[in-house]
Structure formats: structure tokens, C-alpha cells
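Q: Could you take me through this structure one feature at a time, giving the general idea before the particular case?

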Amino acid sequence: MIPGKELIFCALGGSGEIGMNVNLYGCQGKWLMVDLGMTFGMNEYPGVDLVFADLEFIESERENLLGIVLTHAHEDHIGAVPYFAQDLGVPIYATPFTAKLVAAKLEEAGIAGEVELIVVQDEEPFDLGPFGIRYVPLAHSIAEGNALVIDTPYGRIFHTGDWKLDEAPQVGVPATEEELRAIGEEGVLALVCDSTNVFNPKASGSEGAVYEGLLQEVSRHEGRRVLVTTFASNVARLQTLGAIAVKTGRQLCVAGRSLDRIIGVAKSCGYLPDFPEVIDADEAMDLPRDDVLIVATGGQGEARAALARIADGNHAIKLDKGDVVLFSSRQIPGNEIPIGRIQNRLAEAGVKVVTDRQSMIHVSGHPGRPELEALYSWIRPEVLMPVHGEVRHMKEQAAFGRSCGIPKAVFQKNGDLVRLAPGHPGKFGEVHSGRLILDGDIIAPADGEAMAMRRRISYQGVVSVAATLDGKVKVSAVGLPLDEDYTDFVAEAEEDVAKALQRTRKATPEDRHEAVRLATRRAATRWSGKKPQVQVLILGND
């Protein structure tokens, strides 16, 4: 699908879900990609850590793809870069902090020399074919969060990326109201806008307020070790915690490789100028309990992160009864169970757990309704197009934008082709979209047979049968609830299979195979109530 004399938008990821953001703009035969993110595997993908948008459509159009522009360095916006950038074969554009994190990913993947990474300094405008592009800094929970102003022959786009309004952001200098109003006064065709917090009736709050809240909370716990868990990428929060460590007279200990990496990159880009020297875990454990402030990864319940290992007692950092863990991060939907598991383990050990529901120790990096309404009034778009949300978020923002006076709103989801100009904006077609998974070392379709089989095995178990034509049978099962009855089940199943082989001596190999499979499965269902997957091997089968 080659764009004509028109302006087209198509999301391949991030519209209909939170995460995995991949957005395309098409104009005059060319495509521009904004962000190339991923999401993390949940229970629906057993054994899978990373999930990507299926890029089949734009891969088929790669000769018309001009470049990839990254808004900021969160994984849901850059995480797929090392897996697809080399194949796409186009330059990647990013501001310095984002570029350094991407460069590290490319280096780790062994393709740093194969991908052109262009660092955009000082929001310098640049052109890619019919697209004129300019970064506009906005506050977010990471350094160098940016919106994009994208000028085309058919109108201007204001693509927000992830954003919020913050009068005391701690790190970076976001665009002012006056600067955003000036963009609106020049005329904006479409506002492509983050929908994450549209149901929040209040503004998200300032990082400056988090400083005060965390300072009060840490100061309350004299004589105790205090551990704060937060998103490693939240450079503003790291700045806040460094300042609090100094203010409260505590040494700062950092636990988590991603924190070490982010701190190093942030310092190299001029952030964290007054950040205190950090100590290692062994030094921290030698200090009096109220002389250390620990910052650790793992606030989303990640099993291999520092906090999970600390809670399990498998880390050099130890927490004792009366110590305190502050969850300075929001609970991402879907992570409730692993987060709760860690919090329960901490509570069982006598460690006090404090979340943002109990104390002002976190604010979101996404806009609530007051912030959305403010941006609408400053940018004054002709069209609102919600992205970065589940369907309910995007539907709600479309309705909210209309209620705030935006003339038109377009709801779209992954794979929809939306013509923004000329003419009435709206969907006019669809392209393939879907999900890919990183399964071991292989990128495979999320809806492929391997994953479907793995789900079935996880739900029902598996029984393996090996037999010979002369009636020798061996049955084994995994995942059936037959601990006490397993031996009796195996004996009966093997007898049933032997009878099935006897009945089908003159049958075709296919019919014999099916008879053995059914006999095995029926035995398993009688004994367990489950309907397991059955693997059959008949030796000597024609």
C-alpha cells in the first residue's frame, strides 16, 4: 500500500493495548515510523518474556520507509529496535539520552555497525522526504520525553508521545504553555495523543511533590533500613532519591544492573550532576541501618529483579524486621499478582510496605483529564486521534476531546489505515497487524502452533505413549493430578493401549495411531478429569 497525495496514519502496535508502540505516517509514496517498542509476556504466552508488533506490512514496504524517529527511551517505545532495525535498514533518529540507550542495545545485539543511529541535538529540526520533523520536549517519567511536530504538505501533526504537565519536573526543561500555544496558533491538523490516564479526573501531579513526599517518608523511619523501588528509567526519580539520601544523611546503594546503566547514561548526558557516590551491597550491609538508602529494581514483581531476590533472601542486601520498602511506582495492570506476592513475602518477614496509595511517593508520567483539556486548548487541533491505550481508554479520550470542543475525533486500532487529509478524516482500510514473540532465541508468531500447544499442555498436561506392534507399551504423564494414583493409571492406560493395538492389527498406520491416542486420552480423563495432549510413537508402524 503506497500512500498517494494524502496523509495516512497506521498503528501496528500500541492502539488497543498499553505498550508495544509502533506508529506509521504515510505521505506522497513514503512512510515514517515513530517508535519501535515492545511489551512483556504475560500469562497468555507461557515461557515468553518479550512481545513485539508484527511488522509484516511495513517490512513489505521497506523500500518506501524513510526512517524511525524515537520519542523517548522507555522499552515500550524502543525495546524492539535491536530485533528489527537491521532488517528494516533505515536510519534511527533520537535525542542524546535515548540514543545512548539504543546504542547500548545495538552493541549488545552485535549490530551496532549495521544500524545508522543519528543523534538529534538541541531539538534541531530535520526533514525526511515529505516530512518535516521537530522534537518538542514534554515532561514524562524519563529524561528527554518528547512530542513530535510533523509537518507535511497536507497538514501538521502534533504527536505527543508519552507526556504530562509538570511545573517542577526535576530533570529537563519541558516546553512551556506559551511555546505549546504558539504551535497551536500555527495550525495543527491532528493531535495524536497518549490515552493512558484518561479516566483519571485529577492531574497526574509533579515530581517536585514526590520529592517532598519521599523526604517525609524516609525521614519518618529513623533506625531502619529504607529501600525504594522505582522504574530504573525514571531519571527524575533517581535525582529525587539522590537528593533525599544527602538530605537525610544516608549513603545511597543501588541494586539492579538496569539502574547502573541508566545512571551512567544519564550522567554522560549531563543529568544527575549532584548525584551522590553510590556504595555496593556489602558496604551497605556494614553500615548502621539508618545510614543507608537503597534503590532497587523490581517494583513490578519481576522474578529476576533485585527486589524479588531480596524478598526471597537470595541477595547480598538483607532486610530485617522493621525495615521499610517504599513502592515509588505505579502498579502496571497485569502485574498485580507478582507484585502482591513480593509484598506478602516482605510483610511476612516483618518488613513494612508503603505504596503510593498510602503516601505521596509516586506520580504518573501520563496526563489526567485536566492536563488533556489544557493541551487541547493550547494545540487546538482539527482532529483528535487517541493512541497509547486499550480500546476503552481511546474511546473515552475520543469522547472527552469532542466534549472539550475538538471538531473531529477518530478512533482507530492496530492495523487500521486512517486518512487524515485531504477530506473527512477516518478509516479507509486495514493492513495486517498482530503479535510476535521472542521464544528462546526465535521470533515467532504469537498465535503459532508452538504457543497454542504450550498453552494446552499447561492447562491439561501431556501423556506420552511408546508402543510396538507386538503389544509392548510404555506410558508416562506430566502435569496430571495423579500423585497417589499415578502407578495405577499407567498400568490401566498401558493395558488399554495394548487392547487398541490388538484391535487395529489390520488397520492403516493412521487409524492405529488414532486408536492408541484415543485410548490413552480416555484413560487419562477417567482417572483425572483432564484431557491431556497425547504424544504417540508406534515402533515398526508402516
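Q: In which helix does Glu495 sit, and is Glu495 buried, partly exposed or exposed?
A: Helices (H or I, at least four residues) and strands (E, at least two) are DSSP runs numbered from the N terminus, and by that scheme Glu495 belongs to helix H15, residues 486–503. Buried means under 20% relative accessible area, exposed over 50%, and partly exposed in between, with a 1.4 Å probe and protein chains only; Glu495, at 45% relative accessibility, counts as partly exposed. The C-alpha atoms of Glu495 and Phe57, which are 438 residues apart along the chain, are separated by 53 Å.

Q: What should I keep in mind about the origin of these values?
A: This is a predicted model, in which local features need pLDDT of at least 70 and side-chain atom pairs count only at pLDDT 80 or more, while totals for chains, interfaces and linings use all residues. Residues are numbered from 1 along each chain as its sequence is written, and side-chain values use heavy atoms, with hydrogens and water left out.

Q: How do I describe the chain as a whole?
A: One can begin with the secondary structure, which comes to 16 helices and 28 strands, and with the box of roughly 85 × 70 × 50 Å that the C-alpha atoms fill along the principal axes. Of the 542 residues in the chain, 55% are buried. The chain exposes about 23400 Å², of which carbon and sulfur atoms supply 48%; such areas come from the Shrake-Rupley method with a 1.4 Å probe, and for residues only the protein chains shown count as cover. Contact means heavy atoms within 4.5 Å, and among contacts between residues at least 6 apart in sequence, 73% join residues at least 24 apart.

Q: How do I read the length of a helix, and which residues of H7 are buried?
A: An α-helix has 3.6 residues a turn, so residues three or four places apart point the same way. The expected span of a helix is 1.5 Å times one less than its number of residues. Helix H7 (residues 235–247) has 13 residues and reaches 18 Å from its first C-alpha to its last, close to the 18 Å expected at 1.5 Å a residue. H7 is mostly covered, with 10 of its 13 residues buried: Val235, Ala236, Arg237, Leu238, Gln239, Thr240, Leu241, Gly242, Ile244 and Ala245. The cover over these buried residues includes helices H4 (96–109), H6 (207–220) and H8 (257–268), together with strands S14 (226–229), S15 (251–255) and S17 (292–296). After H7 comes Gly249, with a positive phi near 70°.

Q: How is a pocket defined, and which residues lie nearest the centre of the second largest pocket?
A: On a 1 Å grid over the protein atoms alone, a pocket is an open set of points where a 1.4 Å probe fits, with protein on both sides within 12 Å along at least five of seven lines, and lining residues have an atom within 4 Å of a point. Grid points are joined across faces, edges and corners, and a volume is the space filled by probe spheres set on the points. The second largest pocket holds about 750 Å³ of space. Its lining has 30 residues, of which Arg330, Gln331, Asp356, Arg357 and His362 lie nearest the centre. Helices H11 (336–348) and H13 (391–403) are the elements that give two or more residues to this lining, and H11 gives the most, with three.
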